[in-house]
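Good morning, and thank you for making time for this presentation. Please have the sequence and the structure open on your screens while I speak.

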Amino acid sequence: MDCDAFYTSVEKRDNPDLRDKPVIIGGGRRGVVSTACYIARIKGVRSAVPMFQALKLCPEAVVVRGRMDEYVTVSKQIRAMMEELTPDIEPLSLDEAFLDLTGTTRLHGHPPAVMLARLVKRMESELGISGSIGLSHNKFLAKVASDLDKPRGFSIIGKAETDDFLRDKPVSLIWGVGAVSREGLENAGIRTFADLLRWDRKELGARFGSMGDRLWHLARGQDLRRISAHTPVKGISNETTFHEDTASIDILDGHIWRMAEKVADRAKAKGIAGRVVTLKLKTADFKLITRRVSLREPTQMADTLYRTARGLFDQIKEQDPYRLLGVGLSDLTPEGDADRSGDLLDPEASKRALAERAADKIKERFGSDAIKKGRALR
């Protein structure tokens, strides 16, 4: 199940004045498009397109800053509806998931197609959010089917028609085959699934490595991956693209704090902590700089994340203007293992931790804007 232009659908639901207008979720001319509604997509606006380019394509678009808290809330409501159908759910993002409905016909008294149709009907009637369904015998084909007739699509690819369905389709239909991969395949004379079928398995492996073996199976509609309902989160990160390139230490410091605070909030909400802190920067000429360090013990504290990320920033010799900054946390563990011993070299760390926990309680009761650090205002 894949929601239709999820973020913009939530915005149009909550603001009916936007219903018939092209809407873009993003921020500023220096950022990128997060999501565009289907009206904007007609003009060529797509996710990850730079905002200035999107506004050239669709100057009449209404640009809305995303409301992630609201999107998460709606995603949880959709997830609850899915769980009434099956416990075997593998989310791909807030608005998309695989569901395994094997063996549920006897439970529900109806086949999966009927139950999925009821799911998207209920999503629209109760939440005001539409979705598209792809139903098939494996994950690859279900994903393909979900994109065939969006929005409000419902497509089924059965085992018997798999070969005929795939034969004349372009290999770009394969999830993960981007422009670079497509160019490599075209150089080998592979444009369609029929072209792939003419290649021997060993030849594909020799030419494309592990990807070649995957292509051999997908050309035959084979995908043995199981739906995993318990795929662990590998990392948490947050980044921002500036409206204008900046080399100001004060401005960058404020951004490092805000990124650290957002990552910490997400870690606390998920009940996890991490041992590896990453700082990501992109210069005005698009040079990517990444620095990371492993902590002595896992943390979920914004103060620790900020001080670590700021330390990484201070180690960078280049002082060129930057266009992007991000902070990440990885090597995740349960929060019970986090922030136990404190920092022996920083006796004030425990006091700051207590203050942060107190601030968390205030924000939980009165909202995220109820209390802020001065550096967050830079």
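A residue is called buried when its relative accessible area is under 20%. The model before you is a predicted one.

Alanine 264 has a relative accessibility of 0%, and it therefore counts as buried. Its place is in helix H13, which covers residues 249–270. Which residues are in contact with alanine 264, once its neighbours within four places in sequence are left aside? They are Gln300, Met301, Ala302 and Leu305. For one of these, alanine 302, the C-alpha to C-alpha distance to alanine 264 is 5.0 Å, although 38 residues separate the two in sequence.

Let me place that in the context of the chain. The protein chain has 378 residues, and 43% of them count as buried. Its secondary structure consists of 15 helices and 12 strands. Among contacts with a separation of 6 or more, 63% are between residues 24 or more positions apart. The accessible surface is about 20600 Å², and carbon and sulfur atoms contribute 52% of that area.

I turn now to helix H1, residues 6–14. Seven of its nine residues are buried, so this helix is largely enclosed by the rest of the structure. The buried residues are Phe6, Tyr7, Thr8, Ser9, Val10, Glu11 and Lys12. They pack against several elements, including strands S1 (2–3), S2 (23–25), S3 (35–36) and S4 (62–64), and helix H4 (68–83).

Between S2 and S4 the pairing is parallel, with three bridges. Within it, isoleucine 25 stands opposite valine 64 in S4.

A second pairing deserves attention. Strand S10 (residues 272–283) and strand S11 (residues 288–299) run antiparallel and are joined by eight bridges. Lysine 280 is found opposite threonine 290 in S11. The hairpin has four residues between the strands, and phenylalanine 286 in this hairpin has a positive phi near 70°.

This leads to backbone geometry. Most residues other than glycine have a negative phi, and most peptide bonds are trans. In the loop between H7 and strand S8 (154–157) we find proline 151. The peptide bond to proline 151 from lysine 150 is cis, with omega near -5°. Arginine 152 belongs to the loop between H7 and S8 as well, and its phi is positive, near 55°. With 54% relative accessibility, arginine 152 counts as exposed. Aspartate 331, in strand S12 (residues 322–334), also has a positive phi, of about 55°. Its relative accessible area is 40%, so aspartate 331 is partly exposed.

Finally, the second largest pocket. It holds about 700 Å³ of space. Which of its 28 lining residues lie nearest the centre? They are Leu99, Asp100, Leu101, Ser136 and Ile227. Strand S6 (96–99), helix H6 (112–127), strand S7 (131–136) and helix H7 (139–146) each contribute at least two residues to the lining.

Thank you for your attention.

Key. Residues numbered from 1 in each chain as written. Predicted model: local features only at pLDDT ≥ 70, side-chain atom pairs only at ≥ 80, totals over all residues. Heavy atoms only, no water. 1 Å grid on protein atoms, 1.4 Å probe; cavity = no way out; pocket = protein on both sides within 12 Å on 5 of 7 lines; lining within 4 Å. Points joined across faces, edges and corners; volume = space filled by probe spheres on them. Buried < 20%, exposed > 50% of the residue type's maximum accessible area, 1.4 Å probe, protein only. Contact = heavy atoms within 4.5 Å. Areas by Shrake-Rupley, 256 points an atom, 1.4 Å probe, with all protein chains shown as cover. Pairing = 2+ DSSP bridges.
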